[in-house]
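User: I would like to learn how to read the main features of a two-chain model. Please give the general idea where there is one, and then the case at hand.

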Amino acid sequence: MKRTLGWFLWAAVSVVAAVALGVVALTRGEAIDSMWLVLAAACTFALGFRFYGKFIAARVMALDDTRATPAERLRNGHDFEPTNKWILFGHHFAAIAGPGPLVGPVLAAQFGYLPGTLWIIAGAVMGGAVQDFTILFASMRRDGKSLGEMAREEIGKVGGFTALVTVLLIMIVLLATVALVVVNALKGSPWGTFTIAATMPIALFMGLYLRYVRPGKVLECSAMGFGLVVAAIFGGQAVAASAALGPVFTLSGTALAVAIIVYGFFASALPVWLLLAPRDYLSTFVKLGVVSMLAVGILVVRPHLQLPPFTRFTDGTGPIFGGKVFPFCFITIACGAISGFHALISSGTTPKMIARESHALRIGYGSMLLEGFVAVMAMIAASVMQPGVYFAVNSPAGVVGATPQAAAATISSWGFPVTAASMESLARAVGEKTLFFRTGGAPSLALGMAHIFARAGGRAVLGFWYHFAIMFEALFILTLIDAGTRVGRFMLQDMLGHVAKPLGRTSWMPGVIATSAAIVAAWGYFLYQGVRDPLGGINTLWPLFGISNQLLSAVALCVGTTILIKMHRARYIWITGIPLAWLVVVTFTAGWQKIFSPLANVGFLAHAGRLGARLESGAAAASQAAEIRRLILNDRLDAVVCGVFLALVATILLDSLRVWAGILRGTRPATLNEASFVPTKLDRESL
Amino acid sequence: MKRLKKLGALLAALLRELADESAYRRHLAAHGRAHSGAEWRRFSDQRLRARYTRPKCC
């Protein structure tokens, strides 16, 4: 009876999913209720988890609850500790949720809400969740080994080393991209700049408080920090209105970029307990709180989507970034659908804390579905704005015109009416001087979120919620920059240690300073070129980041496929093989187009060629010549970076193919590097 | 009501886990030590050193 009821329930969920997806996909010419997107995502994810996830867990991985996990076998009270599955689910979700699933969908909304939403739903179920689950399973069976270690052991030394270099390069592009998002959000915004600047002394205070005043009271300290940050948001409003302080905190993009670069250098060299860790704690709580608030806000307000399902920019002429919906929608939304970085988390802390093998399904597969849901919410937040406002905020001056009037006229001519006066009124309502040309995704996401949150409190609180959302985004982006620079430094030291031993020592100060400077200089260069780019920079850096992140996914899926073959599950390699093939097609197409497309709004080399022709024809003023030469150099550098990413991943792919062919032909042993089976002694009650 | 209480307890446990407070309790229990400022600093240094050698997710 229970079984029959269960089947009826799942049949009902399937019908609701089909109807919701139908409404989302087929409605044209009218604003649809955002609940249809929520229902389509929630029901499809539930079906994916119940049927696809469980199928992989039972048939492919054969998860075994009688087998002791590393958390039990290697229990040490620190890293290895059997943990309640729900607590670990929250822990893992907090670790994988960063700015990516929020910003990516906002940028991809230039194609309309439909392509991005469908990709998030399908990509998360068939790709992202499969990747996270597979890598988590593989790491759990290998005592919590990292992705790099597994690549080296399962594929070979070439694959392992290439994976390490790939991760380091991707980190550099990632840090530059997210730093540019913050710069563009704070440019010319004294309210935002003051709020974010205030988080630094607040974090220092928290660090000292936690270390010397009330050691160990992290929750208490974080609650105080949150109170102070909210006070800083109110303080920011007063600062912006002040004739004396307002100009001090009104910074240009270049000044902000320099400030973040200097900050990144010092933050990566300071003791972690002083600045990074307290802000990381605070950022984690704020992130979980805001994501929950956004979910509740959408459910309560049920806003209607103002963006159309498709815009004219599917043809590749978009103002936010150039390129057609295929492949660029699929690399712009990375983290919400599939993200290589998740593989680093799934082979990090989480596998060391899983109490039972069966929990890996909920934690690995389930957390990614929740991340997909966050991405759908970000898509909703971007789509509830009037399209004219969305494009006015996200389009660079170099595309739509340098003045508000010119930009409004260009955007209106695309069929998305907007006026300079209405934008000015909106800017005043959120406490900004202007909302034109605020590229990067963060300001428009903040506007969308503020729009949803403020429905409860009226337009008067719009400014608070806008700056609250900006603070929330900047808080974890700065944490990412601190931590990323530090990790990049460790990786570089690890590599250089093979060349000169002292450089590998993390306690040798000259080595620490030199490697920190090298990492900061690397991402700082890309950030600086992005800030100086007349097209806003994000149109270059975000696709580069998307390509690199998806390529890291391809590396993870190569490892996953190799392990499936070695487990004698070759008949199931389509599980990782299909997302891998899709990512290879998408990323190599996008990468190829970014380098070689003859269209100057897409291809780096074509853009450099157009600038070169302008220089040679004498059409550019002499004063602009140096600037144009710099842009040409940057285009060529971006093309090289993109080419290096493709070459690195092609290396891993070919190496993997060689290994797979050898095993399938029987010329290579299918040696699995799993830890030996040890029966569990944990009883169900103790969990 | 009972379920609500259970949910509240679970959320509190999650927050303590995210704040490393649970890990600290486990550390004290595993080593048979009492809480002190010096002990927290020792635990925190070790834990943070391990945490920030791994990349954070984007």
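This is a predicted model: local features need pLDDT of at least 70, side-chain atom pairs count only at pLDDT 80 or more; totals for chains, interfaces and linings use all residues.

User: What is the phi of His568(A), and is the residue buried or exposed?

Analyst: As a general idea, most residues other than glycine have a negative phi, and most peptide bonds are trans. His568(A) has a positive phi, near 65°, and is not a glycine. Its surroundings hold 11 C-beta neighbours inside 10 Å, so His568(A) counts as exposed.

User: Where is Asp20(B) found, and is Asp20(B) buried or exposed?

Analyst: Asp20(B) sits in the loop between helix 1 (2–18) and helix 2 (21–31) of chain B. Its phi is also positive, about 70°, although Asp20(B) is not a glycine. Here 21 C-beta neighbours fall inside 10 Å, and Asp20(B) therefore counts as buried.

User: Which residues does a cis peptide bond join?

Analyst: The cis bond links Phe326(A) to Pro327(A), with omega about 10°. Pro327(A) belongs to helix 13 (residues 325–332) of chain A.

User: Turning to the overall fold, how many helices and strands does chain A have?

Analyst: Chain A contains 26 helices and 0 strands. The radius of gyration of chain A is 25 Å, close to the 26 Å that the globule rule gives for 687 residues, so chain A is as compact as a globular protein of that length. Along the principal axes, the C-alpha atoms of chain A fill a box of roughly 70 × 65 × 60 Å. Of the 687 residues in chain A, 58% are buried. Among contacts in chain A with a separation of 6 or more, 81% involve residues 24 or more positions apart.

User: What is the secondary structure of chain B, and what radius of gyration does chain B have?

Analyst: Chain B comprises 3 helices and 0 strands, in the order α-α-α along the sequence. Its radius of gyration is 15 Å, whereas a compact globule of 58 residues would have one near 10 Å. The C-alpha atoms of chain B occupy a box of roughly 40 × 35 × 15 Å along the principal axes. Buried residues account for 28% of the 58 residues in chain B.

User: At what angle do the axes of helix 24 and helix 26 of chain A cross?

Analyst: The axes of helix 24 (residues 574–596) and helix 26 (residues 625–665) of chain A cross at roughly 150° and come within 9 Å. Helix 24 of chain A is thus roughly antiparallel to helix 26 of chain A. The crossing of helix 24 and helix 26 of chain A is left-handed. Among the residues that meet are Val584(A), Phe588(A) and Gly591(A) of helix 24 and Cys642(A), Gly643(A) and Phe645(A) of helix 26. By class, this contact has 8 nonpolar, 2 polar and 1 charged residues.

User: At what angle do helix 5 and helix 20 of chain A pack?

Analyst: Helix 5 (residues 100–108) and helix 20 (residues 442–453) of chain A pack at about 95°, with their axes 9 Å apart. They are therefore roughly perpendicular to each other. Leu102(A), Val103(A) and Val106(A) of helix 5 meet Ala442(A), Ser444(A) and Leu445(A) of helix 20. These residues divide into 5 nonpolar, 1 polar and no charged.

User: Finally, how many residues does the contact take from chain A and from chain B?

Analyst: The size of an interface is often given as the accessible area lost when the parts come together. Here the description is by residues: the contact takes 46 from chain A and 30 from chain B. The helices of chain A that each supply at least two residues to the side touching chain B include helix 8 (157–186), helix 9 (190–213) and helix 21 (462–496). By class, that side of chain A has 26 nonpolar, 16 polar and 4 charged residues.

Conventions. Residues are numbered from 1 along each chain as its sequence is written. Chains are lettered from A and ligands numbered from 1 in the order in which they are written. Two residues are in contact if their C-beta atoms, placed from the backbone, lie within 7 Å. Helices (H or I, at least four residues) and strands (E, at least two) are DSSP runs, numbered from the N terminus. Ala, Val, Leu, Ile, Met, Phe, Trp, Tyr, Cys and Pro count as nonpolar, Asp, Glu, Lys and Arg as charged, and the others, Gly among them, as polar. The radius of gyration is taken over C-alpha atoms; the globule rule is 2.2 Å times the number of residues to the power 0.38. A residue is buried if 20 or more other C-beta atoms lie within 10 Å of its own, exposed if 12 or fewer, and partly exposed in between; C-beta atoms are placed from the backbone. Axes are lines fitted to C-alpha atoms, for helices over the stretch in contact, and angles run from 0 to 180 degrees between N-to-C directions. Angles under 35 degrees count as roughly parallel, over 145 as roughly antiparallel, 65 to 115 as roughly perpendicular and the rest as oblique. A crossing is left-handed if the near helix is turned anticlockwise from the far one by less than a right angle, and right-handed if clockwise.
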